[in-house]
Amino acid sequence: MLEHDRPVTRAWVLHPTVKNDRSARDPDAALDEGVSLAAALPDLEVMGQEVVRLPKIHPGQLFGKGKIAELKTQFKSADIELVLIDGPVSPVQQRNLEKEWGLKILDRTSLILEIFSDRARTAEGVLQVEMAALSYQRTRLVRAWTHLERQRGGLGFVGGPGETQIEADRRAIDMQLQSLRKQLDKVVKTRTLHRASRAKVPFPIVALVGYTNAGKSTLFNRLTGAQVFAKDMLFATLDPTMRKIELPAGDEVIMSDTVGFISALPTELVAAFRATLEEVLDADLIVHVRDISHEQTEDQAEDVRAILTSLGVAETAPTIEVWNKIDLLAPEARDAVQSQAVRSDDLFALSAVTGEGLDTLLTAISELTKDSRTTEVVNLGFDEGKARAWLFDQGVVKDDDQTEDGYALTVHWTALQKERFTRLC
């Protein structure tokens with residue numbers, strides 16, 4: 001029996017791809033990622049996997065009749081209970097395929113929701129998962145939902161105790177969403193207070209971001225000594241963890257570990273987990289951790305950059321890249337990566353497992369977050385009380401003169417505090 005005493009579900013992973021679709025990701029790499037997604041759930045055992053190449057998408061059943069029959073035979077012989085389709089599946093396609101195969105089907109979004117539910121730890125994370133799942137199910141009226149009465153972890157997409165299906169009509173879902181929003185409002189208010197208190201601490205925030213499974217949590221653990229769940233699986237971390245660390249020069253920063261990004265993350269989930277990534281929004285320095293040993297490392301990096309841009313932080317905070325897992329490279333490739341890092345000011349090659357290269361990274365973080373202060377005059381209108389209060393809360397105001405148009409404040413602040421003030425206003 002596996003974690004949480006859940007029964008093991010025998011699963012098969014399919015990645016459908018349309019032939020001659022030049023915009024599609026490499027199908028073999030995409031299938032590998034789909035299998036990794038499945039492995040992130042402790043109660044699934046992947047018994048088989050396949051890239052299904054299609055001349056076109058069939059609107060009613062996704063696959064052609066011949067392929068459906070062939071797969072049905074494979075599933076029956078392998079005693080499969082669940083089929084994971086790594087891509088979008090419409091409600092009609094899902095219903096028809098489940099009827100044809102006599103099996104449960106999860107599409108990519110449903111699977112990611114299950115993983116998010118299994119990993120979420122904070123009150124806000126749990127509520128965001130519930131709301132994302134309900135919103136998704138509301139658009140798929142052929143689905144049923146059990147997670148409101150679940151006796152197991154997860155969202156009811158995968159089987160388990162208490163699996164009796166309850167029809168999810170719009171009114172019931174909307175009532176539950178309304179209740180969850182009220183709970184979330186309370187949690188967010190508490191979290192906002194915590195963030196406000198952190199803003200008064202004159203320590204820069206350094207956020208570790210990167211593609212899921214890039215080694216962020218392993219690096220975070222080595223730098224901070226914290227015991228954050230770090231395992232070779234996708235989405236090992238969902239809720240941000242923050243720790244204060246002392247840099248070699250003696251100055252201190254707050255280090256934040258965040259949820260891993262992933263390609264083709266459904267828009268519903270990006271919105272739901274914006275709060276989970278809120279530490280990135282406040283970051284003074286973003287450390288983009290890459291698994292440089294991965295075949296798709298450049299594609300993964302582009303996905304991360306795109307999400308940072310969508311969050312609006314790509315242009316507001318300096319970013320450096322950490323090329324992690326150099327211990328997994330062949331000697332020649334490793335030398336090339338390290339040589340490239342030496343020639344660049346914003347690129348660092350290291351191994352979070354062995355610790356090689358960490359000293360150079362920490363020295364750079366210290367330089368980039370150095371606490372040099374300047375004195376300036378800030379002019380505010382009478383209607384900008386919030387900004388004026390923020391400056392006083394920071395303890396940077398040295399003189400406060402009233403003018404005809406408002407206030408002239410003489411401030412003595414760091415570049416990071418100035419940047420935060422600019423973002424606030």
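**Helices and loops**

Modeller: This is a predicted model. Start with helix 2 (residues 65–77) and helix 3 (residues 91–101), which pack at an angle of about 55° with their axes 10 Å apart.

Colleague: What is the handedness where helix 2 passes helix 3, and how many residues of the contact are charged?

Modeller: The crossing of helix 2 and helix 3 is right-handed. From helix 2, Ile-68, Leu-71, Lys-72 and Phe-75 touch Leu-97, Glu-100 and Trp-101 of helix 3. The residues of this contact split into 5 nonpolar, no polar and 2 charged. The charged count is 2.

Colleague: Now helix 4 and helix 5. What is their relative direction?

Modeller: Helix 4 (residues 108–119) and helix 5 (residues 123–138) cross at roughly 160°, and their axes come within 10 Å. Angles over 145 degrees count as roughly antiparallel. So helix 4 is, relative to helix 5, roughly antiparallel.

Colleague: How many polar residues are in the contact of helix 4 with helix 5?

Modeller: Helix 4 and helix 5 make a left-handed crossing. Helix 4 brings Thr-109, Ser-110, Leu-113, Phe-116 and Ser-117, which meet Val-129, Ala-132, Ala-133 and Tyr-136 of helix 5. The residues of this contact include 6 nonpolar and no charged. The polar count is 3.

Colleague: What is the reach of helix 1 from its first C-alpha to its last?

Modeller: Helix 1 spans residues 27–39, which is 13 residues. At 1.5 Å a residue, the expected value is 18 Å. The model's helix 1 is close to that, at 18 Å.

Colleague: Which helix is among the elements covering the buried residues of helix 1?

Modeller: The buried residues of helix 1 are Pro-27, Ala-30, Leu-31, Glu-33, Gly-34, Val-35, Leu-37 and Ala-38. Their cover includes strand 1 (9–18), strand 2 (44–54) and strand 3 (82–85). The cover also includes a helix, helix 4.

Colleague: Is Phe-348 buried or exposed?

Modeller: Phe-348 sits in strand 12 (residues 347–349). Beyond its neighbours within four places in sequence, its contacts include Ile-320, Trp-323, Ala-341 and Leu-361. Buried means under 20% relative accessible area. Phe-348 has 8% relative accessibility, so Phe-348 is buried.

Colleague: And Pro-248, buried or exposed?

Modeller: Pro-248 is in the loop between strand 8 (241–246) and strand 9 (252–257). Its C-alpha is 8.1 Å from that of Asp-359, 111 residues apart along the chain. The cut-off for exposed is over 50%. At 58% relative accessible area, Pro-248 is therefore exposed.

Colleague: Asp-79 and Lys-325 both carry a positive phi, although neither is a glycine. Is Asp-79 buried or exposed?

Modeller: Asp-79 has a phi of about 55°. The residue lies in the loop between helix 2 and strand 3. With 51% relative accessibility, Asp-79 counts as exposed.

Colleague: And is Lys-325 buried or exposed?

Modeller: Lys-325 has a phi of about 70°. Its loop runs between strand 11 (319–324) and helix 11 (331–342). With 16% relative accessibility, Lys-325 counts as buried.

Key:
Residues are numbered from 1 along each chain as its sequence is written. This is a predicted model: local features need pLDDT of at least 70, side-chain atom pairs count only at pLDDT 80 or more; totals for chains, interfaces and linings use all residues. Side-chain values use heavy atoms; hydrogens and water are left out. Axes are lines fitted to C-alpha atoms, for helices over the stretch in contact, and angles run from 0 to 180 degrees between N-to-C directions. Helices (H or I, at least four residues) and strands (E, at least two) are DSSP runs, numbered from the N terminus. A crossing is left-handed if the near helix is turned anticlockwise from the far one by less than a right angle, and right-handed if clockwise. Contact means heavy atoms within 4.5 Å. Ala, Val, Leu, Ile, Met, Phe, Trp, Tyr, Cys and Pro count as nonpolar, Asp, Glu, Lys and Arg as charged, and the others, Gly among them, as polar. Angles under 35 degrees count as roughly parallel, over 145 as roughly antiparallel, 65 to 115 as roughly perpendicular and the rest as oblique. The expected span of a helix is 1.5 Å times one less than its number of residues. Buried means under 20% relative accessible area, exposed over 50%, partly exposed in between (1.4 Å probe, protein chains only).
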